Amino acid sequence: MASDRAVNRRMERGEFFMKVLIICTEKLPVPPIRGGAIQTYIAGSVQSLSKDHQITILGITDPDLPEKETIAGIEYVRVPGKLLEIYREGIVHFLKDQTFDLIHIFNRPRLVIPVREVAPNARIVLSMHNDMFKLEKIEPEEAKKAIAQLDKIITISNYIGKAITELYPEAQSKLQTIYSGVDLERFIPAYTEKGKRIRESVRREHNLEGKKVILFAGRLSANKGADVLVRAIPELEKNHSNIALIIVGSKWFSQDDITDYVAYVRALAARMSVPVITTGFVAPEEIQNWFCAADIFVCPSQWQEPLARVHYEAMAAGLPIVTTARGGNPEVIEGGKNGFVVENPEDPHEFALHLAKLLSNPNLRNEMGQYGRKLAEEKYTWNRVVSNIASVWREMEQKIKNKIAIGSTNDATNEDLEAIATEAENELEMNAEMADVNSQLVIESGKEVLDGIIETNETKESGEMTEVLADAEEEIIETPPLKKIFICYNNPPAKPWLKVNKKEKSRKR
Amino acid sequence: MSEEQIIIPWDLDGTLGDLFVPEYIVEMANVVVTYYDLQVSHMEVITTKADKGGLIWKIETDKGPMSLKILHRRPTRSLFSLGAQEYLVVEKKAKVPPIIKTKMGENFVEMGGKLWFIAEWIQPLEPVEKSLEGAKLLCSAIGEFHNLSKGYVPPSGAEMASRLYRWPKTYKKIVKKMAWFRDIAKAYHEMPASSTILAVIDMFESQAIKALQMLEQSAYFQLAARGNKEWGLVHQDYGWSNGQKGADGMWIIDLDGVAYDLPIRDLRKLITGTMDDLGTWDITWVKGMIDAYQETNPIEKELMEILLIDMSLPNLFYKNVKELLFEPTVFMDGELETLVNRIVEMDKTKWPVIEQLTEEWKGVSSS
């Protein structure tokens, strides 16, 4: 809750205290007790934002959470979710007898119009973490109406913004990219004292001493491209016999449903002459240890993804990055300085070329890793994320004060703009007060899905599965499997892969 | 059994036997039946989907024999199928088993994170004869099913289960997996089936690519644009066991996988499966089956083209080979080699049939 001091200070500056409603998605609850990138993002930012505003968070119900509660001055209201239609009803019902100055919706353009109908005077801001404006997600007519009602569209990468304006050019003036952040205390380079200790311990534990370790972290799905990385290994083995590949991904050990893709990747991996370590599910609070143990980070994404969070984590961990020219990923790479961009992501050879360069040049690895860490410290902190959101909110505050029409963007007067600019400066000064944000985030941010953002509609690989038209951009974290880590050093042989009697089944006729 | 107990798949390595049921699920079943106005005297496990957490019992009650089922899918997904079953029985008088209501008037009980429901056990019910006549009965029955299912709207709270718009995606996945099969066959080149697979994979891959191109150039997109409700439901798991002969005609059972789709998906699967059983493609059978289907649900010209395109996918090869990804060192044995060779031989008999059907359909005007 905003302290009296903060309120007074702001009142002196002629500002008022906004009533803000944050609307989460219908998939997972906030606080992020079941994981979820967006949920974590919200939980990580609201503490600081609540210093200057009265915040209500509207999310979905969960057996482990009450329908209403107030924690640290933030009000939580929970209505039934899972299906957008049901959630929408709950939101509308809640908003009928409430008034807010600002409503900040996350990742659901389809909530804008229903919200507007019951909140005719609120400023509405929309944060886009995925391409939810695409045609199969929202009817063009509704999308256009929604955009007209918005005062700002925050996107997590320029790519997401571009995807929106390609369909709806009128959104251009409302767009603002706010890159996500990383916890610099958790993800630390191996060249620090603490990092070195972690690195040595992980490497000892998994028999990796003296190896050059290539790291993949993300979901095991064709879109994420782990197979292309595995297929690049044979070319590298020839000149670099002391490499190891670590695949940190939660699907590998899934007990009830091994996808065809996972089967494919591990069948390939089992044939490498160098160690391929597949960690299975890694507890969120331990994931940074694998980054510490690695030498190179690879993001072999094949799909147009918004911008995978692992890039920030790799930078913070001081790792050079090899990523692909897909979606927002190249936006955080300065070619040759903190990483390389693979132009043809389906080509294992191109990965091998970049990797070979890094593998044979330890100085280059160090330089690039250090530069990445510097970028993370300068540009990708959570403080900066929070302060960006705060200045968007401040901009809304100015609009309310100056009675600028809802949904308009260009009729702000020069004075308004100057006022906003001054605000932004003040905001930076106030960052010092937000120094505790990081510690808040340490607790929660680890809970998110590895790569943060999950592609839509990527359901099970099984061809017989009925596909569902529901949105699926968030993943519910799987329960940790009984057996946590399987190591196949010096493989082959690759054994105790979970035995599935697939053969039996398929041949039963 | 605690109240929070969630049903999880119980037989992942297939060692417990087909009819094994964990004790806590039996206990749940005993609780579930108390939600109904039924006296249960006997329960018998009929089949399990142990790897997915699904199950069917036959129960004897004071109101006659019933089936008690655990639907393995997400509750919101199962709701779609239950709504469909009710719609077909109540609105359309279709021959699918009527759902028994709970004391509260619900179609299901939710327990262990799954939906359970009870339906009438239709008897007598017997499989159709394994002959062209039997195949025709199956075809006309599913045609009628498709026809009656048009107009279905799922209840609120149910997911929209639709595969109508996903055909290109499904085709692309098959194309992609051909490359996976090749990669694995190369990586495990010492296995008996590897060289056979490598010898034919290019052919089947180009068949898949060609089918995809044809689909994209076909009227598919216009047809799909008519929408889910217009097309109605497709069983998705229809075959010689889910269509059976009752006292007064054909019944269709096991509706839990139904989804909106182009109706000919069921027909195509039935035809390919039947040809597989025959060991060769037989124009008399294929035509007989299509004609029988058309008696209850006529196929317009544009849709017929898609049926032919769908037949031209390497369905049989894909279905039989895809398991090699799981345990290549076990699966790619001599048996698979023999099987692949058989599929290749069968494939040769498929093309003349498709060609002849294409010819015959060319002159036909669109409905």
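Leaving aside neighbours within four places in sequence, with which residues is Ile246(A) in contact? The contacts of Ile246(A) are Val213(A), Leu215(A), Phe216(A), Ile277(A), Thr279(A), Trp290(A) and Ala294(A). Two residues are in contact if their C-beta atoms, placed from the backbone, lie within 7 Å.

The model is predicted: local features need pLDDT of at least 70, side-chain atom pairs count only at pLDDT 80 or more, and totals for chains, interfaces and linings use all residues. Residues are numbered from 1 along each chain as its sequence is written, while chains are lettered from A and ligands numbered from 1 in the order in which they are written.

Ile246(A) also belongs to the largest nonpolar core, which holds 236 residues. Such a core is a set of buried Ala, Val, Leu, Ile, Met, Phe, Trp, Tyr and Cys residues joined through C-beta atoms within 7 Å. A residue is buried if 20 or more other C-beta atoms lie within 10 Å of its own, exposed if 12 or fewer, and partly exposed in between, with C-beta atoms placed from the backbone. Leu215(A) and Ile246(A) touch the most other members. The largest share of this core, 9 residues, comes from helix α4 (residues 167-187) of chain B. In soluble globular proteins, nonpolar side chains tend to be buried together.

Chain A has 17 helices and 15 strands. Helices (H or I, at least four residues) and strands (E, at least two) are DSSP runs, numbered from the N terminus. Of the 509 residues of chain A, 49% are buried. Among its contacts between residues at least 6 apart in sequence, 71% join residues at least 24 apart.

In chain A, 8 strands form an open sheet with mixed pairing. Their order is β3-β4-β2-β1-β5-β6-β7-β8. Strands pair if DSSP finds at least two bridges between them. Strands β6 (residues 123-128) and β7 (residues 152-155) of chain A run parallel and are joined by 4 bridges. Here Val125(A) stands opposite Lys152(A), and Ser127(A) stands opposite Ile154(A). Helix α2 (residues 37-49) of chain A packs on the sheet, touching β1 (19-23), β2 (54-60), β4 (74-79) and β5 (102-106) of chain A. Its direction makes about 165 degrees with that of β2(A). Axes are lines fitted to C-alpha atoms, for helices over the stretch in contact, and angles run from 0 to 180 degrees between N-to-C directions. Helix α3 (residues 84-96) of chain A also packs on the sheet, touching β1, β2 and β4 of chain A.

Chain B comes to 13 helices and 11 strands. Its radius of gyration, taken over C-alpha atoms, is 22 Å, close to the 21 Å that the globule rule gives for 367 residues, so chain B is as compact as a globular protein of that length. The globule rule is 2.2 Å times the number of residues to the power 0.38. In chain B, 43% of the residues count as buried.

Helix α3 (residues 132-149) of chain B has 18 residues. Its buried residues include Leu138(B), Ile142(B) and Phe145(B). Just after α3(B), Gly151(B) takes a positive phi of about 90 degrees.

Notes. The expected span of a helix is 1.5 Å times one less than its number of residues.
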